[in-house]
Amino acid sequence: MSDGTISQSEIDALLSGVDVGGLSSGPSSNVNIDTATLKKFADGLKDKVASNLNGMTDGSFEVGSPSVESMDRDQLLAKLPEMVVAVTADFNAGLKGDHLVLMAPEFAQKITSLVNKEENAELDDMALSVIGEFVSTHTGSEITDLSAIAGLASNPPEATHVPKPMVRIPQGTFALFSYPLTLEGQNYTLWEAVSSDVAEGIAKALGGGTPEAAGGTLNAADMASMANLAGGQQPMGGMQMGSFQQPMMGGTMPMGGMGMPGMQMGGGMQPMMGMGGMPMGMPNVQSVQYPNLAGGPTTQEQGNIGLIMDVNMEMTVELGRTKKQIKDILGMGEGTIIELDKLAGEPVDILVNHKPIAKGEVVVIDENFGVRVTEILSPMERVSDLR
């Protein structure tokens with residue numbers, strides 16, 4: 001950084017400490033995911049994973065016994081290679097939440113090579129579209145098996161080839177499916193992560209799910225007991241106090257004319273009042289106060305970005321691009337016209353350190369060219385270009 005600029009690798013290193021989270025509104029705590037039920041779901045899908053892959057590639061992939069784990073961001077990053085192919089296909093109806101499929105670049109390259117019938121295919125846009133098509137087929141199989149969830153649907157898959165810190169991983173605790181695959185003696189792994197809300201919805205649709213915490217709800221017996229107390233029913237077996245004799249200092253004291261606080265003698269027994277005006281024996285039911293889960297950058301993240309606010313970065317405006325064969329380039333001379341991939345009047349690309357961040361239109365300021373920003377690329381569009 002001696003010349004005042006920052007390289008792409010340095011940007012990735014800085015971002016590696018920033019939580020690029022998913023759709024959840026914030027980290028969830030004390031999440032108990034029913035991995036046993038999800039494991040049965042994955043067992044039913046493993047043959048379809050192999051069938052979908054082999055149908056696309058004409059290969060002979062075999063899928064072993066899948067595993068399902070509760071996972072967080074740091075644990076998942078420890079499992080992944082430095083570069084990954086990540087495909088997002090979030091559920092948007094029936095269930096709503098993160099749905100992420102991950103694989104090593106070598107696995108994605110093998111699938112693409114088999115589909116295109118070429119050796120060592122490059123992980124370009126065409127290859128990523130092939131991987132996205134496989135994920136779309138896989139998601140369709142899942143939706144078919146989850147027919148109990150009415151209207152279940154997902155977004156179209158978006159595939160990227162990025163460093164693992166740049167992957168949009170679900171926030172908090174989530175479920176990770178791992179499918180081991182083999183082809184011609186080579187081992188691969190297909191990872192699939194879903195947010196805790198989606199995992200819980202799948203488990204409940206399959207007859208599982210996390211039971212409610214004890215004491216959090218009242219069962220039918222509790223409700224009947226409360227109703228009896230409120231209606232003046234006689235607990236203690238309906239015992240009458242009118243003829244009961246209490247021994248007291250060598251004699252007896254009739255209780256027929258005396259009542260204890262909170263009781264009606266000779267009739268229905270009223271509940272005794274305890275501290276705070278609550279009937280004794282009645283559960284103390286209160287509303288749960290949840291913390292504010294509004295998302296936003298933490299103080300540490302704001303401090304980290306503050307460290308590089310005065311770093312210079314190269315900004316360029318790209319009119320268009322084209323590809324030429326070497327013989328055409330060598331044959332260029334004065335007066336040669338080069339046709340670009342942009343149409344007349346189409347917005348130009350604004351790049352920072354050679355990465356697109358916005359689009360704009362060319363203007364003239366005095367005698368200099370300038371560009372007026374007309375569109376800021378979304379975070380997902382910017383991340384998709386980091387490959």
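Is S113 buried or exposed? With a relative accessible area of 10%, S113 counts as buried (buried is under 20% relative accessible area, exposed over 50%, partly exposed in between, using a 1.4 Å probe and protein chains only). S113 sits in helix α4, residues 105–116; helices here are DSSP runs of H or I with at least four residues, strands are E runs of at least two, and both are numbered from the N terminus. Leaving aside residues up to four places away in sequence, S113 touches E118, E119, N120 and A121, where a contact means heavy atoms within 4.5 Å.

A word on the ground rules. The model is predicted, so to speak of local features takes pLDDT of at least 70 and side-chain atom pairs count only at pLDDT 80 or more, while totals for chains, interfaces and linings use all residues. Residues are numbered from 1 along each chain as its sequence is written, and side-chain values rest on heavy atoms, with hydrogens and water left out.

Zooming out, the protein has ten helices and 16 strands. Of its 387 residues, 32% are buried. Among contacts with a separation of 6 or more, 66% link residues 24 or more positions apart. The exposed surface comes to about 23,300 Å², with carbon and sulfur atoms supplying 54% of it (areas are from the Shrake-Rupley method with a 1.4 Å probe; for residues, only the protein chains shown count as cover).

Helix α2 (residues 35–57) packs against helix α5 (residues 125–145) at about 145 degrees, the axes being 10 Å apart; axes are lines fitted to C-alpha atoms over the stretch in contact, and angles run from 0 to 180 degrees between N-to-C directions. The crossing of α2 and α5 is right-handed, that is, the near helix is turned clockwise from the far one by less than a right angle. On the α2 side the meeting residues include F41, L45, V49 and L53, and on the α5 side V130, F134, T137 and H138 are among them.

Two loop residues face outward. P156, between β7 (153–154) and β8 (158–163), is exposed at 63% relative accessible area. P156 and T88 are 68 residues apart in sequence, yet their C-alpha atoms are 8.2 Å apart. L319, between β13 (315–318) and α9 (326–330), is also exposed, at 55%. Together with I329, M332, I338 and L340, L319 makes a nonpolar surface patch of about 440 Å².

Note on methods. Patches are made of residues with over 30% relative accessible area and no salt bridge: like charges are joined within 9 Å, nonpolar side chains (Val, Leu, Ile, Met, Phe, Trp, Tyr) within 5 Å. A salt bridge is a side-chain nitrogen of Lys or Arg within 4 Å of a carboxyl oxygen of Asp or Glu.
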